[in-house]
Amino acid sequence: MGWVGRLFDARDTLARMLLLDLSGLGYLVFGAQGHHSPTATQWALALLAFAAALVFHRRPLVNLVTQAALLAVAFPLVDDTTINQVGASWALLELTMWAERPRTVWLAAGLLVAVDLTDSIGDPVRRMLSGVFGLTVEVGLPLLLGLVIRTTRELARQAEERAAAEQRRRESESRAARADERTAIARELHDVVAHHVASMVLRVGVARHVLPDLDPRVGEVFDDVHGTGTAALNDLRRLVAVLRDPDGVRDAALTAIEPSALPAALDAAVDRARQAGVIVEADVAPAVGTLDAVRGQAVLRLTQEALTNVAKHAGAAARARLAVAVVDGSVHWEVSDDGRGSAPAVVPAGGGHGLTGMRERVEVLGGRLEAGPTGAGWRVRTVLPAGVPAPDGPPGAPAHQPAAPRPRPAGPHAPEPA
């Protein structure tokens, strides 16, 4: 019934009335000529019916009353009342489709029946019965068709409302599930990770004070570990706050770095890698200070993770190069090393998720992470395109299941992602 709904759309009422008038005009000019030419009275009543249909196309009740009145006048004056009967029937169809109250429809149908029956007063019984039977076409057919269209339209509206309600229910359940998951993650971060990091920071601080005569180089290491742990705790607290905030789902900038602070943060990441013994050459374009907060956060986290992996797997005294450039709004980022450092630090068994997390962070922003050997070393690079909308959720949350990272060849410089 979809085509019926389009054919009898309320916005096309004027077009339907115009087609009806043209059909009536054609009947008068061509159809009625076979019997006898239309009289002046018949033309006058037809033209009045045509005009009323056009003028009152937005007021179906007024149109029906007018058409019924013209039909009542036509019965005693003209022999061929086809034009006025069709006009009254069509007016009943329009009223049945669009009347706000069903009672109006039945009263209008009763009016049209009464007008038709007045023409049968005084007729023989057989002719009167024939007129009553004719009401099934003049009144019953438009009434039935109008009720079918009205019911079909109402069912379609109810189906749309049910679909919209179901969509809202699914979205509500999805939001509730995400909120529960975020709360569980926040709880684990707070109860497990933050607790242990806080304990380590506290122990380092205690060790720094109870051992005042340490070698200055050892004291610098203690200070660096204490500062790094404190910064990690602050980041964890901000992340937990975002995860626990139901309204923070789309506010990824809450944990993102201010764009103007990105160059200094990258310098700090490079200095930390140098303190670990890695020789780092940094080529950072000044334009990185103009990046949006989300991509700036991604650049910083990628740099920290990549330089940490160099220190862990390539070892101290390895040479690494950091390159960050902004070309036509896109961020070109790369970290590579020569793989020729001293023996790397021992990596705990079981591996980690550093490379996977980097890949997920890049894919959320519309990029693709490339990681693999280059000579004796290792290279990680990506391009973060411009104009990518902020992701839903905290930075680093994957938009979809990431592809499995390519394995790194075995050897002294084959790390497991941290």
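Reader: How many bridges join S3 to S5, and do they run parallel or antiparallel?

Author: 7 bridges join S3 to S5, and the two strands run antiparallel. Strands pair if DSSP finds at least two bridges between them. Trp333 has Thr382 in S5 as its bridge partner.

Reader: What should I know about the source?

Author: This is a predicted model, where local features need pLDDT of at least 70, side-chain atom pairs count only at pLDDT 80 or more, and totals for chains, interfaces and linings use all residues. Residues are numbered from 1 along each chain as its sequence is written, and side-chain values use heavy atoms, with hydrogens and water left out.

Reader: How many helices and strands are in the chain?

Author: 11 helices and 5 strands. These are DSSP runs, numbered from the N terminus: helices are H or I with at least four residues, strands are E with at least two.

Reader: Back to S3. How many bridges join S2 to it?

Author: 8 bridges join S2 to S3, again antiparallel. They form a hairpin with 2 residues between them. Asp328 in the turn has a positive phi of about 55°. Arg321 has Ser336 in S3 as its bridge partner.

Reader: Is S3 mostly covered or open?

Author: Mostly covered, with 6 of its 8 residues buried. Buried means under 20% relative accessible area and exposed over 50%, with partly exposed in between (1.4 Å probe, protein chains only).

Reader: Which residues touch the most other members in the largest nonpolar core?

Author: Val299, Trp333 and Met358, out of 34 residues. Such a core is a set of buried Ala, Val, Leu, Ile, Met, Phe, Trp, Tyr and Cys residues joined through side-chain atoms within 4.5 Å.

Reader: Which element gives the most to this core?

Author: H10, with 9 residues.

Reader: And what does Val299 touch?

Author: Leaving out residues up to four places away in sequence, Val299 touches Leu266, Leu291, Val324, Val331, Trp333 and Leu384. Contact means heavy atoms within 4.5 Å.

Reader: New topic: H9. Which of its residues are buried?

Author: Leu262, Ala265, Leu266, Ala269, Val270 and Ala273. They sit on the same side of H9, because they cover an arc of only 140° around the axis. That arc is taken from the directions from the helix axis to the C-beta atoms.

Reader: What covers them?

Author: The cover includes strand S1 (279-284), helix H10 (293-314) and strand S2 (319-327).

Reader: What's exposed on the face turned away?

Author: Ala264 and Gln275.
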